[in-house]
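Please open the model in your viewer and keep the selection panel at hand. The stops below follow one another, each with something to select.

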Amino acid sequence: MKKLTFAAAIAVAAATFVSCGNSTPKADLKNDVDTVSYAIGMAQTQGLKDYLVRGLGVDTAYMDEFFRGLNAGVNAGDDKKKAAYYAGIQIGQQISNQMLKGINHQLFGDDSTKTISLKNFMAGFYSGTLDKGGLMTQEQAQQVLRVKMPVIKAKAMEEQYGENKKAGEKFLADYAKKAGVKKLGKGVLYTVIKEGSGALPTDTSWVRVHYEGKTIDGKVFDSSYERKEPVTLRANQVIPGWTEALTHMPVGSTWEVVIPQEQAYADRETPQIKPFSALIFKIELIGLGRGK
């Protein structure tokens, strides 16, 4: 027998189950159809509990409530009123457990004290769903998001990580005073460790490099030296500060490069780099091209 997908199994079950009330149904296997019915039900639950917990946020302490809802949904049949209600429950839970959390994190990062307005979110959601009575069109809504979301995010990141920006600015100002430090456009600073005499890459050149990246407190967050393997990349497919440095480095050079936050990751956050972090790289330009 071809294995049904989980979605298909639910559809089959919804068409064939009979009312079980809220109590646990008891199996009564009188013939092959009974036995196969039970086996299908059992087989299609593989991975379901994990999906309920991880995918839908169901607390296993309330499995009785899950089964109560399951029975109600299964026994609704083609009742369109109930189908609409259950669809609303499902989408509402997705909004609560997934969408809102994702939006708030996107806008406000780890600051759990800030959130979008649920009242206004729902007002917009109603109007958009009904396609009438809205304060803006779908196109206008998309334009608002493109313009205003980055502003809100930048402000929130500034409040949380503004000290990072100040620390980076001070570090660059102090570093610029050191002997031998040179400045490129857009505020990138560098010190020549080894002077190369080869060709200069363009911004579209493929380059082979060894590198080590550190935050200004000296913590290494990435290193090709540790992996014992140089990296091949295109000069314009990295952070802007790297592109600026690479296009001024002759092949054979090794530089220490200090990159201001706006030429690094700006208000973006990575697992090891906080927003507005100035970064320090040792970059060794081994050669041009994609070959070894």
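What volume does the second largest pocket have? The second largest pocket has a volume of about 1100 Å³. Of its 27 lining residues, Asn120, Gly124, Met136, Ala141 and Leu145 are the closest to its centre. A pocket here is an open set of points on a 1 Å grid over the protein atoms alone, with protein on both sides within 12 Å along at least five of seven lines, and lining residues have an atom within 4 Å of a point; the volume is the space filled by probe spheres set on the points, which are joined across faces, edges and corners.

Before going on, note that this is a predicted model, in which local features need pLDDT of at least 70 and side-chain atom pairs count only at pLDDT 80 or more, while totals for chains, interfaces and linings use all residues. Residues are numbered from 1 along each chain as its sequence is written, and side-chain values use heavy atoms, with hydrogens and water left out.

Next, colour the helices around the pocket: helix H5 (80-108), H6 and H7 each supply at least two lining residues, and H7 gives the largest share, eight residues. Helices are DSSP runs (H or I, at least four residues), numbered from the N terminus.

Select H6, residues 118-130, and check the distance between its end C-alpha atoms, which is 18 Å and agrees with the 18 Å that its 13 residues should span at 1.5 Å a residue, the expected span being 1.5 Å times one less than the number of residues. Just after H6, Asp131 takes a positive phi of about 60°.

Move on to Leu135, in the loop between H6 and helix H7 (138-176). Leu135 counts as exposed because its relative accessibility is 86% (buried is under 20%, exposed over 50%, partly exposed in between, with a 1.4 Å probe and protein chains only). Together with Met136, Val144 and Leu145, Leu135 makes a nonpolar surface patch of about 410 Å²; such patches take residues with over 30% relative accessible area and no salt bridge, nonpolar side chains being joined within 5 Å.

Finally, show Lys114 and Glu159, whose side chains meet in a salt bridge (3.1 Å, N to O). This pair links distant parts of the chain, Lys114 in the loop between H5 and H6 and Glu159 in helix H7, 45 residues apart. A salt bridge is a side-chain nitrogen of Lys or Arg within 4 Å of a carboxyl oxygen of Asp or Glu.

Definitions and conventions: Patch = residues over 30% accessible without salt bridge, like charges linked within 9 Å, V, L, I, M, F, W, Y side chains within 5 Å. Areas by Shrake-Rupley, 256 points an atom, 1.4 Å probe, with all protein chains shown as cover. 1 Å grid on protein atoms, 1.4 Å probe; cavity = no way out; pocket = protein on both sides within 12 Å on 5 of 7 lines; lining within 4 Å.
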